[in-house]
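This briefing sets out selected features of the structure shown below.

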Amino acid sequence: MADLTTDFLGIRSPNPFWLASAPPTDKEYNVRRAFDAGWGGVVWKTLGEEGPPVVNVNGPRYGAIWGADRRLLGLNNIELITDRPLQTNLDEMTRVKKDYPDRALIASIMVPCDEESWKAILPRVAETGADGIELNFGCPHGMSERGMGSAVGQVPEYIQMVTEWCKKYYDRPVIVKLTPNITDIRKPAEAARAGGADAVSLINTINSITHVDLDLMAPEPTIDGKGSHGGYCGPAVKPIALSMVSEIARNQATHGLPISGIGGVTTWRDAAEFMVLGCGNVQVCTAAMTYGFKVVQEMISGLSQWMDEKGYTSTDQFIGQAVPNVTDWQYLNLNYVTKARIDQDLCIKCGRCYAACEDTSHQAIGMNEGRVFEVIDEECVACNLCVNVCPVEDCITMVQMDKGAVDPRTGREVGDYANWTTHPNNPGAAKAAE
Amino acid sequence: MTHSPRTAGIAAQRLSAEALAQNFADLHPPLDGHEARVAADRCYFCHDAPCVTACPTSIDIPLFIRQIATETPEAAARTIFDQNILGGMCARVCPTETLCEEACVREIAEGKPVEIGRLQRHATDRLMARNDHPFERGAPTGKRIAVVGAGPAGLSCAHRLAMKGHDVVIYDARPKPGGLNEYGIASYKSTEDFAQREVDWLLGIGGITIETGKVLGRDVDLSALRSDYDAVFLGMGLAGVNALGLPGDDLGNTADAVDFIADLRQAADVAALPVGRDVVVIGGGMTAVDAAVQCRLLGAETVTIAYRRGQDRMAASVYEQELATARGVRILTNVQPVAVHGNGAVRDVEFEFTAEIDGRLTGTGETVRIPADQCFRAIGQVLEGVPEGLKTEGGKIAVTGAGRTSAEGVWAGGDCAAGGEDLTVTAVAEGRDAAEDIHATLIG
C-alpha cells in the first residue's frame, strides 16, 4: 500500500484528507471521532473574537440539490462561524492536539478587519499547539454583512494587510482561504502571497439559492417566509473549484504557492484530480456531512490503490503533474482532428446521440434502417456532445485522425501542431506578420 | 378454514381467510412517489422511442415518464389518456413484457427495462384519485351512435365519440359494463373493483348511456340499430368458447376457464369458491395461466397446465409462464388431450404426447393420465352470432381501414374484429381509431 503521508507547509499528516472548517469540526467530540475514523487533519470550525458568541438562525440552515433517488449533489448553508465561546474551543483544541500529535490541527479564524483584533487572538491560538491557522476570507453569508469573511476576500488589499498582521503576530504557517465569489481568483491569491501567506486554500462556498418555494414565493432554506443566499458546496461545485485551483497553480505570480484544495471532494478520484492540479492536500466537508466520517476510508484505500497501480510511492510524485497541461485556448492544437465513432455492438439504439446532434449540433449522425446510428464524417466537428449524452460508457469514442489524412469535413490534410496565434483567420496573427 | 389443500375432491375454504386475502391482493403494489421518480429516472428519453412504436395505442411513453420524474404525475396521466382512455387498466393487464418493456432499450442493454407499466399505473392512479374527468366534451353534434359491447373497444370508442360531441348508447349483454376488464382478468390484476371504478370515471365525459343485459341478436339487432342511429360500432368480443370435442368432456367438474375466471371476479368472497385438490387446465394462453394460478391461490394442491405444443409456442408470455410456475403450477407441454375419464365427474384426463415434425403436430402414441378433480378448458374463444350481412374473415368480422365493416355505417373493433392481437390495449386502439373514423365520416 502506497504511503499517503503528506507534508504540507511542514505540517505532516498520515494522509492528505483533511476535514474543512465547517460544522463537522465544531467541537472536540466530532474531531476526536473524525481522527479515530482516519482523517489526516482537521481545520477547526472558524473562531471569532472574544465576547458574546455569534447566534445562528433557529430554522433550517441548509438547502440542497438532489439527483435521482435523492443523491445529494449540492448543499448550501447559512450557518455562521462557531457559536460557542472562544475559550471553550481553544481548550478543546489544546486537548485534541495533545492526544493526536500525528494529525494536523489548523485553527480557522475570522475576526474584525483591524490589527488589534488579530493581535489579540493569535497568541491565544498559538497556545493551543495548533499546527497553523487558516484565515476565513471566504464565507459569503452573514459574517460578510459585518465586514468579515468574503467581504475581506473580495478586496485583495485587505487580504494582504490581514495576512501581514498574521505573519507578524503568529510564527506558524498561515493559510489564506479564498472566496470564489470574485471575478478573477488570481488577484486574491497574489495578494495573499504578497502578504506573506504560506498557502492558500480554496474554494470557500459559492453564493447560491438552491430552490425557491413556489407556494411561499421564498428562497430555500426558508426562515419564516424569507430566505437569504447561502454558500454552495458539494459535488456540484467541483468543476468550478478545479478551474480556480488550476488558475492559481499556473499563474506566474502565484506558481509554486502551496494550495489546499477544497470544493466537492467526495471520492479518492476527486482528491487525486485536485492534487495533480497542484494541491498539496484536500479538504472535505460535504461528503462527510452526507455520509459520515467513515467515507475517508474509501478515499484512503482508493488513492492508495491508484498510486500503487501508477507506481507512485509518495504523494509529492504526482502533485502538480497536470498543471503544465492546463493552457489557454489559443494554444490548443487546431490540427488535432477527431471524429466520433459509434460501436454498433455496444449501441443500445436509444437515439440520444441522434437527437442531440440533429436538434442541437451539426446534423452529423444519421439514423438508418433498424435504428442504426452512424456518424457522418463530412459533418462531424468532433464536439463530443454525442459522447456526453450516450448512456453507454465507451460506446461512442473520439478517434484521432492520422497526420496526412484528409478531413472529409474540411477537405484539408491533418497537419502538424498549429494554434490560433498563427492562424490566418486571426487578425492579431495577421498583424504580427505584416 | 374448514378444509385444506389435501381435502379430496372439490372444496371451498382450502386456505385461511388471511392467506386468501394475501393471495388475491394486488400482483404489483403501486409505486409511491419516490419509487416512481427513481424508476422514471431510468428512462433515457429515447429519440423516436421503440417503446412507443411497440405500444398498440402509441402512448408517448418517454414524455409521460419525464412528467412523472418532474413530479407532475397528473400531466403524465393526461399524456397517457390522450392516447388510451383505459390507460389505468392497461397499466395493470398489458403484457408489457412483450410490448413496451420488451422494446425498451434498457431491456436490450441490461435485461432490466424501465418499469413502464408500473409507472403508467402510478400516473393514472394519481389522476383518477382526483375524481374529476380530465377531458371536456365537445359541442353537441346532434349525431347518435350505437356501440355494442361495453368492453375495452366499446368504451374507448364511446369515450372518443363523446369527446367529439356525439351522443352514444352502449348495449352490453352482461349485467355489468367492462367486458373482459370486469369478467375476464385474473383478480390479482384488477383489485378493489377497479374495472367498475374505471367505467364510472370514463363516463364522466358525459353523453354516454349504457344499457346492460342487452344481447345483440336477441334484444337488439343490427338492422334496427343502423336505422335508429347515425353509425354503429360493434365491439362485443368473443362470447363463445372452443370445445374439446372429446369423450367425457361433458363430465361433471369440467368447465370453461373463462367462466371460472368470471366467477372469481364476481365472487363477493373468494373463500366461498370451491376448487379441486388436483386441477388440470388445458390450453397455453393467458386464460389458461389466469385460471391455473388462481386455482393454486385458492388452495388447490396440484395444478397442471397441459399444452399441446412446445413451451416456446405458448401464447402466454414467458413472464406469465414464470408467474405460474412461481405459484406452483406445473406446465406440461407437448401433450394433447384424448379423453376425460370419470364416473359422473372427472377423475383424470388422458393425454397423448406429441411431437412437432416439419411444423405438423403429431401424436406419439404414448399416453399419460393426470388425476383431476376439476378440468378447465382454455383453448380459445370464438365469435358467436355474427349479424347477417357482415363479411367475416377467419371467424371474425372482416374490417378495412379504421374498423370499417362490409356494411355501410357499421364499424367493428376489439376481439370480435379480424386482425390485431386479442389484447385490451389493442381493443382500446381499435375503438379509438374507429371513433375518429366515424367522426370524420359523419362530420367530414
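In chain B, three strands make up an open sheet, ordered 12-13-14, with antiparallel pairing. The model is a predicted one.

- Strand 12 of chain B is joined to strand 13 of chain B (residues 345-357) by eight bridges, and the two strands run antiparallel.
- Strand 13 of chain B is also joined to strand 14 of chain B, here by nine bridges and again with the strands running antiparallel.
- One row of bridge partners can be followed across the sheet: B:V340 has B:V349 in strand 13 of chain B as its partner, and B:V349 in turn has B:I370 in strand 14 of chain B as a bridge partner.
- Strands 13 and 14 of chain B form a hairpin with two residues between them. In the turn, B:D358 has a positive phi of about 55°.
- As a general point, the side chains of a regular strand alternate between the two faces of the sheet.

**Helices 14 and 15 of chain B**

- Two packed helices are described by the angle between their axes and the distance between the axes.
- For helix 14 (residues 257-266) and helix 15 (residues 286-298) of chain B, the packing angle is about 55° and the axes are 9 Å apart.
- Helix 14 of chain B and helix 15 of chain B are therefore oblique to each other.
- The crossing of helix 14 of chain B and helix 15 of chain B is left-handed.
- Helix 14 of chain B contributes B:A257, B:V258, B:F260, B:I261 and B:L264 to the contact, and these meet B:T287, B:A288, B:D290, B:A291 and B:Q294 in helix 15 of chain B.
- Classified by type, the residues in this contact between helix 14 and helix 15 of chain B are seven nonpolar, two polar and one charged.

**Contact between chains A and B**

- The contact involves 10 residues of chain B and 11 residues of chain A.
- On the side of chain B that touches chain A, the elements giving two or more residues are helix 2 (33-41) and helix 8 (105-110) of chain B.
- The residues on this side of chain B comprise six nonpolar, one polar and three charged.

**Chain A as a whole**

- Chain A contains 13 helices and 20 strands.
- The C-alpha trace of chain A spans about 75 × 55 × 45 Å along its principal axes.
- Chain A has 434 residues, of which 44% count as buried.
- Among contacts in chain A with a separation of 6 or more, 70% are between residues 24 or more positions apart.

**Cis peptide bonds in chain A**

- The peptide bond joining A:L202 and A:I203 is cis, with omega of about 10°. A:I203 is located in the loop between strand 10 (199-202) and strand 11 (206-208) of chain A.
- A cis peptide bond also runs from A:E220 to A:P221, with omega near -5°. A:P221 belongs to the loop between strand 13 (218-220) and strand 14 (230-233) of chain A.

**Positive phi values in loops**

- A:K349 is not a glycine, yet it has a positive phi of about 65°. The loop that holds A:K349 lies between strand 17 (338-342) and helix 11 (352-360) of chain A.
- B:N131, a residue other than glycine, has a positive phi near 65°. The loop between helix 9 (116-129) and strand 2 (144-148) of chain B contains B:N131.
- B:N131 counts as exposed because it has 10 C-beta neighbours inside 10 Å, and a residue with 12 or fewer falls in that class.
- B:N131 and B:W201 are separated by 70 residues in sequence, while their C-alpha atoms are 7.2 Å apart in space.

Key
Residues are numbered from 1 along each chain as its sequence is written. Chains are lettered from A and ligands numbered from 1 in the order in which they are written. This is a predicted model: local features need pLDDT of at least 70, side-chain atom pairs count only at pLDDT 80 or more; totals for chains, interfaces and linings use all residues. Two strands pair if DSSP finds at least two bridges between them. Helices (H or I, at least four residues) and strands (E, at least two) are DSSP runs, numbered from the N terminus. Axes are lines fitted to C-alpha atoms, for helices over the stretch in contact, and angles run from 0 to 180 degrees between N-to-C directions. Angles under 35 degrees count as roughly parallel, over 145 as roughly antiparallel, 65 to 115 as roughly perpendicular and the rest as oblique. A crossing is left-handed if the near helix is turned anticlockwise from the far one by less than a right angle, and right-handed if clockwise. Two residues are in contact if their C-beta atoms, placed from the backbone, lie within 7 Å. Ala, Val, Leu, Ile, Met, Phe, Trp, Tyr, Cys and Pro count as nonpolar, Asp, Glu, Lys and Arg as charged, and the others, Gly among them, as polar. A residue is buried if 20 or more other C-beta atoms lie within 10 Å of its own, exposed if 12 or fewer, and partly exposed in between; C-beta atoms are placed from the backbone.
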